[in-house]
2 protein chains.
Amino acid sequence: MYTYALKGTIAYTPEREHFLIRENTYLVCENGKVAGTYDKLPPHLAGIEVHDFGNAFIIPGMCDIHVHASQSPFQGIGQNIENGKWNTWFDRYAFPDEAKFRDPAYAKAAYTDFVKKLQTTPTTRVCAYATSDIEATHILMDILNEYGFAGYVGNVSMDRNCNPELLRSTEETLHETRIWLEKCKNGVGAVYPIITPRYFPTCTEVSLAGLGKLAQEFQVPVQSHLSESRDEIAWVKSIDPTLAYYAQAYERHGLLNGIPCSIMAHCVFSSKAEQEALKRNHVLVAHCPQSNLNSSGMTAPVLQYLDEGIEVGLGTDVGGGNTLNLFKTIFEAVLSTKIDRANGMAEQKKRILSLPGAFYLATKGGGILWKSGSFEKDYCFDAVVIDDSRIKDRNQRTVYERLERIISLSDDRDIVRKYINGREVYRKGA
Amino acid sequence: MYTYALKGTIAYTPEREHFLIRENTYLVCENGKVAGTYDKLPPHLAGIEVHDFGNAFIIPGMCDIHVHASQSPFQGIGQNIENGKWNTWFDRYAFPDEAKFRDPAYAKAAYTDFVKKLQTTPTTRVCAYATSDIEATHILMDILNEYGFAGYVGNVSMDRNCNPELLRSTEETLHETRIWLEKCKNGVGAVYPIITPRYFPTCTEVSLAGLGKLAQEFQVPVQSHLSESRDEIAWVKSIDPTLAYYAQAYERHGLLNGIPCSIMAHCVFSSKAEQEALKRNHVLVAHCPQSNLNSSGMTAPVLQYLDEGIEVGLGTDVGGGNTLNLFKTIFEAVLSTKIDRANGMAEQKKRILSLPGAFYLATKGGGILWKSGSFEKDYCFDAVVIDDSRIKDRNQRTVYERLERIISLSDDRDIVRKYINGREVYRKGA
């Protein structure tokens, strides 16, 4: 590691409500951390290596805090099931596709496909779900590390209500999880394990209790799904009618306060009591607007969560979502609040999530897990360089307009360089 | 013109509710029309030229029946205005950008950019808005023709409530429109003129009356905007409180029954009386779900229109929409009915627009203007060849799943060939 600078149009959101955009600015990296941003390099940094990207944008690497790596092969498929039945999607797409990862050769090839697709997105850190196959989970961690990514990978625990290929006995899932944690608790590079009960309907009380104990023992975070759909909530209540709120199924076993925190995906229909549980346990909500809209036209009350001080980041939720590109998810995070406003759901507060507000969620919001997603001093040096010349028009546009257009229109072709923890991990055309 | 065949996986929607997908099938072109589809070429066609695209998809060319060519330069910009005010968007983006087309050199360059972008979408026919500058309108028609496109182009009439650069006097707009119609009533290639009052707030009664007479005299179609937002409807009512419904402002001047029909964009908030007017005048509704959602989170009641026998096609509505790719619009047409269902708006009929239903709207729906958008005999031979190998995964998927994935994930890179009226107009890499 050494000291160097990137130069270009830097854009980030130190606070939620506005972009800080500065042209011709130096972003200095020191030992994998952000050392500072400068209009002109100060004397003590004179002579450091500078990579000048002209007027290209340099933004913080984004954090995809809810993505099913094992569903990436069927990305874009299965989102238009006419009857909208919860189980049809699992039975026809998610479970059969996840079962294929039992074959290590397939897992290696398909996870490599996933990570290569991830390379040309703005994402630098993930909270990923693998499958219930522990060998495949190790493979995913290895490949993410090999390509320079940081984040968490979960082996998915299921000891009821899934297809036989993915089902484990309670003992098996707890035993395998312990062995796995012992093996990789110190990380595979910057890729760490995360306890991952898929969700309450697929995990018995005994397994949830055991996973909660493992989370405390190994001091690791926890991820799961919560209150995504009305069907799901009805199912949860039918399994345990004593629950005051769905999240209690996790909370009573110490699964809402993982270390540094627990990540709960969706939270579309969280009751007041559930929201209080999220807040008192410092849960990070993985808001997945693109997935919620695509899969069922639903929106989560994210403005309300933010008002109440609940932490929120963004997730693509591939394969419920159909893109690995968080720019699209940012766009749909704004969109989903427009839909709420149009439907009078935010009647009292006629406002939408702002574009910088959504950008913040994708970067610094999810980045609380790592102190990443911003260019403030001492943040992890995760940076993505985006060249907007392919999508530009022949008129002069402001930097804000260019950034808005990048969020709307850019794709894999426009990502030219990526750095994680100060290390260059992707170079277009290389 | 001659007889030839394309061979591949053909997919189209002769009826609204299901795809007809056939692999290894010949699609025969005779004098610019579809002659038939065959598993095996019959004896009388033996020896005709065959372009074999293997397992690539061949679909009917799509009809974008509402697109502002002059707003294409700011595509992806201006869709996140915090206060959501109707006028802010016009004053900051639409009007200043349209005014630039007064410069013929700019018009030529910017319209060429637009048409080149259109080349690599599934669109073969458009109903496009130019600006109020008649010279620029001629330029757009010429360029569309030069690149082989078919459709209609409108010179935009505005004699009140717009910026001075775009404003014309009533006499000017009627005179210019007459001269223009006389000049190109027989088409520039397959590109024809369409009467285009922007919308009621920008057109006086006198100009609307005059445009209605011109439409009848020249036997041309009409396009305009209708009931897009609540602000707009309130404005319309304040201008003429005697209107029983917004569309009456067009209907009373013979603007709802253009020839072959009138095209009204949006119709998000059409009252029962307005819907009856749409039906009795055989109006073609240009449904713009991506634009409606992006600009304000709104959805049009498209399932209701279809149930009532109102004709519907799809529009991208760039720059209100941010994509020229109707695949995205198809996806959002389905999505917008999911949103309605989630919000209980379609409570009595818990259903969504199916994927083939939305595909139908993008092809045969808008195609009623030209008898295009299907591979039935005697339809215009508009065909688009799509190679899905870039977006495929390593598993076997059904043809339906592959088509669903194309709609979700494909982009300009996957369009390999395009034919309009039997003529090859685009070849990837050529």
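**Figure 1. A cluster of aromatic rings in chain A.** In this predicted model, ring pairs join F74(A), W89(A), F90(A), Y93(A), F95(A), Y199(A) and W235(A) into one cluster. Counting over all chains, there are 36 aromatic pairs. The predictor's confidence here is worth a glance too: chain A averages a pLDDT of 96, and 97% of the residues score at least 70.

**Figure 2. F90(B) and Y199(B), a ring pair in chain B.** Are these two rings stacked or tilted? Their centres are 6.3 Å apart and their planes sit at 20 degrees; planes under 30 degrees apart count as stacked, so this pair is stacked. F90(B) belongs to helix α1 (residues 86–99) of chain B, while Y199(B) is in the loop between β10 (196–197) and α5 (205–218) of chain B. That puts the partners 109 residues apart, so the pair links distant parts of the chain. Both F90(B) and Y199(B) are buried.

**Figure 3. Y4(B) meets Y419(B).** The ring centres of Y4(B) and Y419(B) are 6.1 Å apart, and with the planes at 40 degrees the pair is tilted. Y4(B) comes from strand β1 (residues 4–12) of chain B and Y419(B) from strand β16 (residues 415–420) of chain B, so the pair ties together parts that are 415 residues apart in sequence. Y4(B) has 3% relative accessibility and counts as buried; Y419(B) is buried as well, with a relative accessible area of 2%.

**Figure 4. A charge over a ring, once in each chain.** Here the charged end of R160(A) sits over the ring of F200(A), 5.1 Å from its centre. Hop over to chain B and you find R160(B) with its charged end over the ring of F200(B), 5.1 Å from the centre of that ring.

**Figure 5. The salt bridge between E98(A) and R198(A).** Side chains of opposite charge can pair when their charged atoms come close. In this pair, the closest N and O atoms of E98(A) and R198(A) are 2.7 Å apart. E98(A) is in helix α1 (residues 86–99) of chain A, and R198(A) is in the loop between β10 (196–197) and α5 (205–218) of chain A, 100 residues apart. Both E98(A) and R198(A) are buried.

**Figure 6. R168(A) and D133(A), a bridge between two loops.** The side chains of R168(A) and D133(A) form a salt bridge, at 3.9 Å from N to O. R168(A) is in the loop between β8 (156–157) and α4 (170–184) of chain A, and D133(A) is in the loop between β6 (123–129) and α3 (134–146) of chain A, so the bridge ties together parts that are 35 residues apart in sequence. R168(A) and D133(A) are both buried.

**Figure 7. R252(A) reaches D240(A).** The closest N and O atoms of this salt bridge are 2.8 Å apart.

Figure 8. R390(A), D411(A), D412(A), R413(A) and D414(A) are linked with R390(B), D411(B), D412(B), R413(B) and D414(B) in a network of salt bridges. The structure holds 54 salt bridges over all chains. As for the two copies, a rotation of 180 degrees with 0.0 Å of shift along its axis superposes chain A on chain B (RMSD 0.0 Å). They are thus related as by a two-fold rotation axis. Also, 100% of the interface residues of chain A are interface residues in chain B, so the copies meet through the same surface.

Note on methods
Residues are numbered from 1 along each chain as its sequence is written. Chains are lettered from A and ligands numbered from 1 in the order in which they are written. This is a predicted model: local features need pLDDT of at least 70, side-chain atom pairs count only at pLDDT 80 or more; totals for chains, interfaces and linings use all residues. Side-chain values use heavy atoms; hydrogens and water are left out. pLDDT is the predictor's confidence in each residue, from 0 to 100. Copies are superposed by least squares on the C-alpha atoms of residues with pLDDT of at least 70 in both. Contact means heavy atoms within 4.5 Å. A salt bridge is a side-chain nitrogen of Lys or Arg within 4 Å of a carboxyl oxygen of Asp or Glu. Helices (H or I, at least four residues) and strands (E, at least two) are DSSP runs, numbered from the N terminus. Buried means under 20% relative accessible area, exposed over 50%, partly exposed in between (1.4 Å probe, protein chains only). Rings of Phe, Tyr and Trp (its six-membered ring) pair if their centres lie within 6.5 Å; planes under 30 degrees apart count as stacked, over 60 as edge-to-face and the rest as tilted. A charge sits over a ring if NZ of Lys or CZ of Arg is within 6 Å of the ring centre and within 35 degrees of the ring normal.
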